[in-house]
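Student: I would like to go through the helices of a model and learn how to read their packing. Can we take it step by step?

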Amino acid sequence: MGALTGKVAFITGAARGQGRAHAVRLASDGADVIAVDLCDQIASVPYPMATADDLAGTVKLVEDTGARIVALQADVRDRASLKTALRTGVDELGGRLDIVIANAGIAPMTGENAWRDVIDVNLTGVHHTVDVAMRPMVGAGNGGAIVLISSVMGLVGLGSPFAGSLGYAAAKHGVVGLMRSYANLLGPQNIRVNSIHPAGVRTPMIDNDFTRQWLAEMTGVNDDDVNMAGSVNMETVEPEVIADTVAWLVADTGRHITGVALPVDDGFVNKR
């Protein structure tokens with residue numbers, strides 16, 4: 001039996017990248033998974049976003065672990081859509097919910113509507129995720145764990161004149177406020193709430209031509225091979241590294257930890 005056998009986890013942005021890594025890792029530890037992703041493009045986002053085929057890939061990988069998965073397309077900006085998707089998943093997986101990973105996020109950084117879109121997805125979407133999930137968790141009376149995926153940009157300020165990148169930092173800082181508020185609100189129900197703050201993670205949101213160009217402009221590094229490590233002294237890691245931390249935090253190993261903004265960043269925040 002795994003550390004999460006019998007548990008059900010709700011994960012947003014699960015079609016690829018960190019969300020997929022979280023789904024596969026928690027499933028490997030015994031959890032069944034409700035996986036949600038938009039599987040569509042947002043106009044202000046200049047890199048290709050996840051597709052329905054990507055979400056199907058997550059389904060296959062989770063099923064390969066022996067876990068059950070309910071995968072649904074839903075927009076975290078639309079509370080009603082998200083609530084319906086979650087209810088469908090909870091009903092299909094036996095009526096319980098133990099773990100929530102609010103992972104969905106975008107990084108438009110520049111362009112028209114970038115500020116509004118990144119706030120809507122990365123902050124309001126996190127609020128919607130916890131808001132619709134905490135009710136079935138409280139109702140079940142089993143306690144649980146909620147992890148909000150933020151960023152080192154939620155703990156430090158990386159200077160940029162662009163509305164999208166300012167909005168990204170503002171949203172990721174806002175996630176910390178949500179985490180601390182929910183930790184206090186849900187603590188009496190034995191529901192722990194924490195945020196994780198990765199540095200560079202090798203996902204399609206970071207590893208694309210647009211983001212590399214933005215980093216070069218932000219840091220003044222004019223190099224066709226610019227990357228997170230070379231341009232802002234930030235180590236890049238595989239998403240499975242972050243998933244390992246999430247798995248530790250939501251299991252019994254993290255039972256005494258709540259209200260914590262945890263960097264997973266090779267000391268980046270400390271060096272700042």
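This is a predicted model: local features need pLDDT of at least 70, side-chain atom pairs count only at pLDDT 80 or more; totals for chains, interfaces and linings use all residues.

Student: How many residues does helix α8 have, and what span should they give?

Tutor: The expected span is 1.5 Å times one less than the number of residues. Helix α8 covers residues 239-250, so its 12 residues should span 16 Å. Its end C-alpha atoms are 17 Å apart, which agrees.

Student: What does helix α1 reach from its first C-alpha to its last?

Tutor: Helix α1, residues 17-28, also has 12 residues. It reaches 17 Å, close to the 16 Å expected. After α1 comes Gly-30, with a positive phi near 110°.

Student: Which residues of α1 and α8 are buried?

Tutor: Buried means under 20% relative accessible area. In α1 the buried residues are Gly-17, Gln-18, Gly-19, Ala-21, His-22, Ala-23, Leu-26 and Ala-27. In α8 they are Pro-239, Ile-242, Ala-243, Thr-245, Val-246, Ala-247, Leu-249 and Val-250.

Student: At what angle do the axes of α1 and α8 cross?

Tutor: The two axes cross at roughly 50° and come within 8 Å. An angle under 35 degrees would count as roughly parallel, and 65 to 115 as roughly perpendicular. The helices α1 and α8 are therefore oblique to each other, and their crossing is right-handed.

Student: Which residues meet where α1 and α8 are in contact?

Tutor: From α1 they are Gly-17, Gln-18, Ala-21, His-22, Arg-25 and Leu-26. Their partners in α8 are Pro-239, Glu-240, Ile-242, Ala-243, Asp-244, Val-246, Ala-247 and Val-250. By class, this contact of α1 with α8 has 8 nonpolar, 3 polar and 3 charged residues.

Student: Is Thr-129 buried or exposed?

Tutor: Thr-129, in helix α4, has a relative accessible area of 0%, so Thr-129 is buried. Leaving out residues up to four places away in sequence, Thr-129 touches Phe-10, Thr-12, Val-76, Leu-82, Val-100 and Ala-102.

Technical notes:
Residues are numbered from 1 along each chain as its sequence is written. Side-chain values use heavy atoms; hydrogens and water are left out. Helices (H or I, at least four residues) and strands (E, at least two) are DSSP runs, numbered from the N terminus. Buried means under 20% relative accessible area, exposed over 50%, partly exposed in between (1.4 Å probe, protein chains only). Axes are lines fitted to C-alpha atoms, for helices over the stretch in contact, and angles run from 0 to 180 degrees between N-to-C directions. Angles under 35 degrees count as roughly parallel, over 145 as roughly antiparallel, 65 to 115 as roughly perpendicular and the rest as oblique. A crossing is left-handed if the near helix is turned anticlockwise from the far one by less than a right angle, and right-handed if clockwise. Contact means heavy atoms within 4.5 Å. Ala, Val, Leu, Ile, Met, Phe, Trp, Tyr, Cys and Pro count as nonpolar, Asp, Glu, Lys and Arg as charged, and the others, Gly among them, as polar.
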